[in-house]
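Q: Got a model open here. Can you walk me through it, starting with the ligand surroundings?
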Amino acid sequence: MSQLPPLVEPAAELTVDEVRRYSRHLIIPDVGMAGQKRLKNAKVLCVGAGGLGSPALMYLAAAGVGTLGIVEFDTVDESNLQRQIIHGQSDIGRSKAESARDSVKEINPYTEVVLHEERLEADNVMEIFGQYDLIVDGTDNFATRYLVNDACVLLNKPYVWGSIYRFDGQASVFWSEHGPCYRCLYPEPPPPGMVPSCAEGGVLGVLCASIGSIQVNEAIKLLQGIGEPLVGRLMIYDALEMTYRTVKVRKDPECAVCGKNPTVTELIDYEAFCGVVSEEAQEAALGSTITPRQLKEWLDAGENIDLIDVREPGEYEIVQIPGSRLIPKNEFLMGRALEDMPQDKRIVLNCKTGVRSAEVLAVLHAAGFKDSVHLGGGVIGWVNQIEPEKPVY
Ligand SMILES: Nc1ncnc2c1ncn2[C@@H]1O[C@H](COP(=O)(O)OP(=O)(O)OP(=O)(O)O)[C@@H](O)[C@H]1O
Ligand SMILES: [Zn+2]
């Protein structure tokens with residue numbers, strides 16, 4: 001990917017105060033007066049004022065971005081302060097959006113802040129994104145990422161993405177007009193429960209700064225049309241090894257949203273797409289999720305398990321895991337199936353992708369079948385990894 005044209009036109013003037021404030025930018029040849037005026041004219045939206053959003057918003061503000069939008073619905077929790085440095089001790093319990101606005105204003109009073117104090121969803125995303133030149137994503141969940149991606153593709157906006165977990169970070173710029181989108185890289189969300197979140201696995205606070213500032217760096221380059229943008233490249237950072245590398249990401253001609261024959265031509269239900277499960281189900285799945293390979297080993301070794309498929313009969317007919325028996329999810333939710341549960345065998349549940357089985361798992365754990373587990377990724381994961389000759393649906 002070579003240099004792209006600037007995203008925004010320069011503002012008419014910088015005031016004398018602004019010239020003083022941005023002097024260390026103005027004397028960089030690649031930025032200069034024209035670049036700084038572009039930043040002044042720029043409208044950047046940051047989704048989330050959390051771990052990545054904190055450094056992103058602070059540096060975007062300090063850099064002189066003229067208008068900063070913040071989408072955030074949550075309040076500041078004490079456990080946020082280890083990394084969400086835009087908020088402080090006295091902000092605990094406050095709206096994150098307001099707390100972030102106050103910090104931005106303190107860093108740079110010339111930045112105009114627009115608050116969107118709501119959860120970004122399919123029914124507000126187009127209206128909100130329409131007001132901005134570029135989107136920086138600081139969120140931590142797959143449903144929002146696919147939502148942001150699809151909206152950016154439909155509106156042709158660059159999507160500056162970052163992701164963090166423990167000591168590992170990734171960043172990229174998705175812009176379907178010039179390269180791949182997020183779905184080209186990750187066509188499907190991971191099966192629920194398979195990828196732990198930072199809330200489950202933790203995250204090094206300073207990693208947010210490493211990745212968030214890379215996102216700001218990319219945003220500034222795109223706004224000004226300088227340098228090599230991270231379009232079509234994925235940056236992978238390992239803070240423990242202190243290494244980073246970039247790998248090429250190709251545009252997928254079959255991509256569901258930016259490919260030749262897109263199947264996603266309007267926004268969808270992202271929570272359902274990502275198989276968002278209830279908190280009870282998530283908790284049950286933690287530590288009680290097995291992989292297709294593990295299940296295969298158990299089956300091959302003749303382990304004393306009862307493999308129960310909780311899908312509907314029509315689905316079961318299409319494809320099954322050998323040795324499984326069918327008891328649809330509702331039989332468990334109504335309590336009827338519990339009487340038939342074996343006391344002397346370990347129960348292993350599966351469904352299509354792992355969402356329904358996690359729900360049933362919560363029911364079984366609550367009923368005392370504490371050692372029961374479910375198959376992460378469901379029968380789809382099984383077919384992909386173990387029996388690829390079988391059909392999926
Ligand atoms: N759809 C969304 N709309 C608006 N804000 C969102 C959306 N999804 C996530 N966020 C916000 O993005 C931020 C993500 O940041 P981060 O993961 O660091 O924080 P957190 O959710 O507060 O952390 P934890 O889950 O560890 O308690 C959060 O403040 C969250 O409220
Ligand atoms: Zn794509």
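A: First, the term: a residue is near a molecule if its C-beta atom, placed from the backbone, lies within 6 Å of it. This is a predicted model, where local features need pLDDT of at least 70, side-chain atom pairs count only at pLDDT 80 or more, and totals for chains, interfaces and linings use all residues. Residues are numbered from 1 along each chain as its sequence is written, with chains lettered from A and ligands numbered from 1 in the order in which they are written.

Q: OK, how many residues surround ligand 1, and which are closest?
A: 23 residues surround ligand 1. G48, G50, G51, D74 and D140 are the closest.

Q: What's the shell around ligand 1 like by class?
A: The shell has 11 polar, 7 nonpolar and 5 charged residues. Ala, Val, Leu, Ile, Met, Phe, Trp, Tyr, Cys and Pro count as nonpolar, Asp, Glu, Lys and Arg as charged, and the others, Gly among them, as polar.

Q: Switching to helices. At what angle do α4 and α5 pack?
A: About 30°, with the axes of α4 (residues 53-63) and α5 (residues 96-107) 9 Å apart. Helices are DSSP runs (H or I, at least four residues), numbered from the N terminus. Axes are lines fitted to C-alpha atoms over the stretch in contact, and angles run from 0 to 180 degrees between N-to-C directions.

Q: Roughly parallel or oblique?
A: α4 and α5 are therefore roughly parallel (angles under 35 degrees; over 145 is roughly antiparallel, 65 to 115 roughly perpendicular, the rest oblique).

Q: Which residues make that contact?
A: L57, M58, A61 and A62 of α4, with A100, S103, V104 and I107 of α5. Contact means C-beta atoms, placed from the backbone, within 7 Å. By class, that is 7 nonpolar, 1 polar and no charged residues.

Q: And how do α4 and α10 cross?
A: At roughly 40°, with the axes of α4 and α10 (residues 205-224) coming within 8 Å. The pair is therefore oblique.

Q: What classes of residue are in the contact of α4 with α10?
A: 10 nonpolar, 4 polar and no charged residues. Y59 and L60 are among those on α4, and V216 and I220 among those on α10.

Notes:
Helices (H or I, at least four residues) and strands (E, at least two) are DSSP runs, numbered from the N terminus. Two residues are in contact if their C-beta atoms, placed from the backbone, lie within 7 Å.
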